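Trainee: I would like to learn how to read a few features in a structure. Can we go through them one at a time?

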Amino acid sequence: MLKQLIAIAVASSLMGCAATEPTAHAPKPLDTDTFNTRLNQQQDQLVAAINQQCQPADLTSLATLNSQVEQLSLQINHLNQAAKNLTVKKQAAVVTPAPSQCPKSALGDKFLLGEIENVFIDELNASFATRIDTGAESSSIDARNITLFERDGAQWVRFDVFTQGEKQPATNFESKVVRFVRIKQDANEKDDRRPVIHAHLKIGQYSAETDLNLTDRSHLDYPLLLGRKFIKDIAVVDVGQRYVHGKAKQPKATPKQPDPEQPKAESAIVSSGKK
């Protein structure tokens, strides 16, 4: 194909030259053999010129370029693979493995209490050293001068509590009676009928509420006792420990004066301010 193109180009050149020369200098018509001879000569010259242009140095440069292109292609592939690996690592870092299941606590959702704890009663605004007694069924608070009275058709009770210790004057409180409970102290004694009030307690970080019966505990070591009804659903007792939740400093109690503008809460304990 190349030779045919070369032959056509050469023939066109010869014919063009012949056509442009003045008629005065027009050469003799070429015969076929002469034309073919010249055509072959020019074809050989053109092929030689093309071969001369395509020297080994050019081929070497072309081979070098091809090698560089292949190296760049390999580098691009390597970078693409590295980018994919980095993406996979980032995704793996984002996914948080499921933690292994921790063994269940023996306490479950209950908290631990020692034999003696410090308990704060919101309604009395005071803390008390408290006996945690699994042998007692109900809970009780040391109250003196217990007096029952009626208010708005409901049964109420007025009582004194030593919120700052027995060396300080007692504070007088009033509260609605939620019910009465009979406590049998001894087989030979009559049942002790006690008024029961509702109170909110805090033990360390834990808050709870329970009913407290009012009784004189002056002959006992601790002014407050929490029994089984309070303990059974929320706590476990370790009798070998005391003050598991800390022995907090008893805050200074201030008597609560009843506000005549506000209705009396059904279960609130109100201080009357009397000493």
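Trainee: Is N125 buried, partly exposed or exposed?

Mentor: First, the ground rules. This is a predicted model, where local features need pLDDT of at least 70 and side-chain atom pairs count only at pLDDT 80 or more, while totals for chains, interfaces and linings use all residues. Residues are numbered from 1 along each chain as its sequence is written, and side-chain values use heavy atoms, with hydrogens and water left out. Buried means under 20% relative accessible area, exposed means over 50%, and partly exposed is in between (1.4 Å probe, protein chains only). N125 has a relative accessible area of 23%, so N125 is partly exposed.

Trainee: Where is N125, and what is its phi?

Mentor: Helices (H or I, at least four residues) and strands (E, at least two) are DSSP runs, numbered from the N terminus. N125 is in the loop between strand 1 and strand 2 (126-132). Most residues other than glycine have a negative phi. The phi of N125 is positive, near 50°. Y243, also not a glycine, has a positive phi of about 50° and lies in the loop between strand 11 (235-242) and strand 12 (269-271).

Trainee: How many aromatic pairs does a search of the whole structure find?

Mentor: Rings of Phe, Tyr and Trp (its six-membered ring) pair if their centres lie within 6.5 Å; planes under 30 degrees apart count as stacked, over 60 as edge-to-face and the rest as tilted. The search finds 3 aromatic pairs. One of them is the stacked pair of F111 and Y206, with 4.1 Å centre to centre and 10° between the planes. F111 lies in strand 1 (residues 111-121) and Y206 in strand 9 (residues 206-215), so this pair ties together parts that are 95 residues apart in sequence. F111 is buried at 8% relative accessible area, whereas Y206 is partly exposed at 38%. F149 and W156 form a tilted pair, 6.5 Å centre to centre with 35° between the planes, and both residues are buried.

Trainee: Which ring does the charged end of R151 sit over?

Mentor: A charge sits over a ring if NZ of Lys or CZ of Arg is within 6 Å of the ring centre and within 35 degrees of the ring normal. The charged end of R151 sits over the ring of W156, 4.5 Å from its centre. For R193, the ring is that of F180, with the charged end 3.8 Å from the ring centre.

Trainee: How many helices and strands does the protein have?

Mentor: The protein has 4 helices and 12 strands. Of its 275 residues, 28% count as buried.
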